[in-house]
Amino acid sequence: MRALCWNGVNDLRVERVPDPRILGPQDAIIKVGLSSVCGSDLHLIGGHVPTMRAGDIIGHEFLGEVVEKGPEVTRLNRGDRVITVSIIGCGKCWHCQQEEFSLCDNSNPQPAFEESAYGHCTAGIFGYSHAFGGYAGSHAEYIRVPFADTNCFRVPEGVTDEQAVFVSDAVPTGYMAADMGNIKPGDVVAVWGCGGVGQMAMKSAFLLGAERVIGIDRFPDRLRAAQMKAGAETLDYSRVDIYDALLAMTGGRGPDVCIDAVGMEADSGGPANRGLAIEDLYDRSKQALRLESDRPAVLRQMIQCCRKGGTLSIVGVYGGLIDKFPMGAAMNKALTLRMGQQHGQRYVKRLFAHIEKGDLDPSYLLTHKWALDDAPQGYRMFKDKADDCMRVVFTP
Amino acid sequence: MTRGRDGGRRIDGSAGTLERWAAILGGTALGFAGARRGSWALAALGGGLFLAGAAGVPLSSPLRQAALPALRREPTTTQANVTIAVPADKLFRHWRNVRHLAALFPHLDAVEILSDMESRWKAHGPGGVPVVWNSRLDKVRENELITWHTLEGADLPHRGTVLFRPAPGGRGTEVSLTLAYHPPGGAGGDAVSRLFGAAPEQQAREALRRLKRIMEVGALPTIDGQPSGRAERGGAEARLREVTG
């Protein structure tokens, strides 16, 4: 089959590789119909997440058809149209039973790296480096899904492919971000990052009862989508001072819930945020010298802006160590910090119900549909955010 | 040879300041060099060094011990712990059938049951060196504890204990595995000692992880045999790329 392989930093190629096979009794093989790019892929492609190996197939947000299944797969049938949650749960360990699927004890076959770097190992993720299990990804004609009964979900008839594909990752990640915010009626929610996950976090915040939602970004098309599609008010961080603007919008309180949908490659500053220009220089220099792995500009800003006693909900991906974390502000302001990779399996049914009812339509994230053969250019476009690109989806 | 955790026999407490900073800085540099090249081994080594430095784990003293043969005669003890979402009686029954243990240690080739309390074990060391020992159960407390020791003439003399106790909050069972052994001397001793000695703590931990996965999900997760761009590129070139990034 053809697959998009990572060969080195910023070196992606579509190559011929063997077809996947059933390797365990709970595996299924899915014929990929749609496979989307994701912002967290950019961290892999750019070399910010270690443990990639040349030849790895990337991609973790996908929809397809079950074409083969192992003997222990009982809930799926050949021909089923399914999405697969990007983060793999075994379904049996204590964490999976608590619906904390991204903390699965058993799905990562290569736990050594995470155990040495993080103390414990977490779940395997499709196409997401060997620290997260080294599973082959979905930018391919076929993909093998382990523990298929836990991780594959049949798409209801009334839901289109273009709506369903994002229920793999962007929609549940955004929904979980809002869910972790423990939003109460009257709450103001600020979301840093208006990409796919940020958009879904904004929509979800409203579904969970937020009164106002504020989206922060600097790309005009994303800010427009946040306004028009997600119903948010927006702030352009390259033009206004975010702290001043948020306090002005909230009577000096600050947002009740701050959501980080940006992660480790945060861009900060711009002429309106002069203080941050120094911070940005600091982080970029340390990152270049390999003394800090992640740029935490959004985290610092959220701690500064969040109302006293408010909640920070972090779904933007971080990989390693950050410097100058304002712990004093976080502690003295009694902030709650919640975070994690998505536990998608917990949310899929609820999300399909919202889509069927018409409260949520994630299909607008799909701005470009390209052939898999053009995937390297697709990623370039996504990375440069050219042509108002929100997400490119590949069809094998 | 790297030693595992030596119960109470640490010679000089914790690492000195200079050693810690060397580990932290060296580990950071290595970790990020690994990250940049996509080499997880390098990155993990760097991460490990960093953490060892940060935690003040003495790195140079195990090296000193390795250089001092007199110290190597004392038994080495290693322990690993895991919580398994399965009741203790089920785990006890599984372990009590020692044939099941071959699946937990990859270098074990066969376990032969000689009697209710005795068994014969065959393993292979590095380079395929055969390693054989007979083992006898000492204590067997239903659903709680199994201890054993190897009999006279064993290639790999050791004592072992596995302990099962209920975990709080319905989390299943906490399992502890403790192994104490003497690195053997004599001809071929080094090869044999490497069987357990290379990273005994890691081997014990991995054995318990395999037990957990077998008992919880019925199989070990794997990526062996899945497609990648490496298979087609094949051979030396691909391997070279992996090494050099």
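Mentor: Buried means under 20% relative accessible area, exposed means over 50%, and partly exposed lies in between, with a 1.4 Å probe and protein chains only. Helices (H or I, at least four residues) and strands (E, at least two) are DSSP runs, numbered from the N terminus. This is a predicted model, in which local features need pLDDT of at least 70 and side-chain atom pairs count only at pLDDT 80 or more, while totals for chains, interfaces and linings use all residues. Residues are numbered from 1 along each chain as its sequence is written, chains are lettered from A and ligands numbered from 1 in the order in which they are written, and side-chain values use heavy atoms, with hydrogens and water left out.

Trainee: How many residues of α6(A) are buried?

Mentor: In α6(A), 10 of the 11 residues are buried, so the helix is mostly covered. Among them are V171(A), Y175(A), M176(A) and M180(A). N182(A) follows α6(A) and has a positive phi, near 50 degrees.

Trainee: At what angle do α6(A) and α7(A) pack?

Mentor: Helix α6 (residues 170-180) and helix α7 (residues 196-207) of chain A pack at about 50 degrees, with their axes 7 Å apart. Axes here are lines fitted to C-alpha atoms, for helices over the stretch in contact, and angles run from 0 to 180 degrees between N-to-C directions. α6(A) and α7(A) are therefore oblique to each other; under 35 degrees counts as roughly parallel, over 145 as roughly antiparallel, 65 to 115 as roughly perpendicular and the rest as oblique. Their crossing is right-handed; a crossing is right-handed if the near helix is turned clockwise from the far one by less than a right angle, and left-handed if anticlockwise.

Trainee: Which residues make the contact?

Mentor: Contact means heavy atoms within 4.5 Å. The residues involved include T173(A), G174(A) and A177(A) of α6(A), together with V197(A), M200(A) and S204(A) of α7(A).

Trainee: Now the strands. Which way do the residues of β13(A) point?

Mentor: In strand β13 (residues 311-314) of chain A, T311(A) and S313(A) point one way, L312(A) and I314(A) point the other way, and all are buried. In a regular strand the side chains alternate between the two faces of the sheet.

Trainee: What does β13(A) pair with, and in which sense, parallel or antiparallel?

Mentor: Two strands pair if DSSP finds at least two bridges between them. Strand β12 (residues 257-260) of chain A pairs with β13(A) in the parallel sense over four bridges, and C258(A) stands opposite L312(A). Strand β14 (residues 336-339) of chain A also runs parallel to β13(A), joined by four bridges, with R338(A) opposite S313(A). From β13(A) the chain passes through helix α12 (residues 327-332) to β14(A) in a right-handed β-α-β crossover. Right-handed here means that, with the strands pointing away from the viewer, the path from the first strand over the helix to the second runs clockwise.

Trainee: Where is K324(A), and is it buried or exposed?

Mentor: K324(A) sits in the loop between β13 and α12 of chain A. Its relative accessible area is 56%, so K324(A) is exposed. Phi of K324(A) is near 55 degrees, a positive value in a residue other than glycine. Most residues other than glycine have a negative phi.

Trainee: And what of P146(A), buried or exposed?

Mentor: P146(A) counts as buried, at 3% relative accessibility, and lies in the loop between β7 (142-145) and α4 (148-151) of chain A. Beyond its neighbours within four places in sequence, P146(A) is in contact with Q26(A), D27(A), I88(A), F126(A), Y135(A) and N151(A).

Trainee: Over to chain B. How many helices and strands are there?

Mentor: Chain B has eight helices and seven strands, and 41% of its 245 residues are buried. An open sheet of seven strands has the order β1-β7-β6-β5-β4-β3-β2 in chain B, with antiparallel pairing. Its edge strands are β1 (76-84) and β2 (108-113), each pairing on one side only, and the twist averages 20 degrees from one strand to the next.

Trainee: What does α6(B) lie across?

Mentor: α6(B) lies across β1 and β7 (173-181) of chain B, at about 25 degrees to β1(B).
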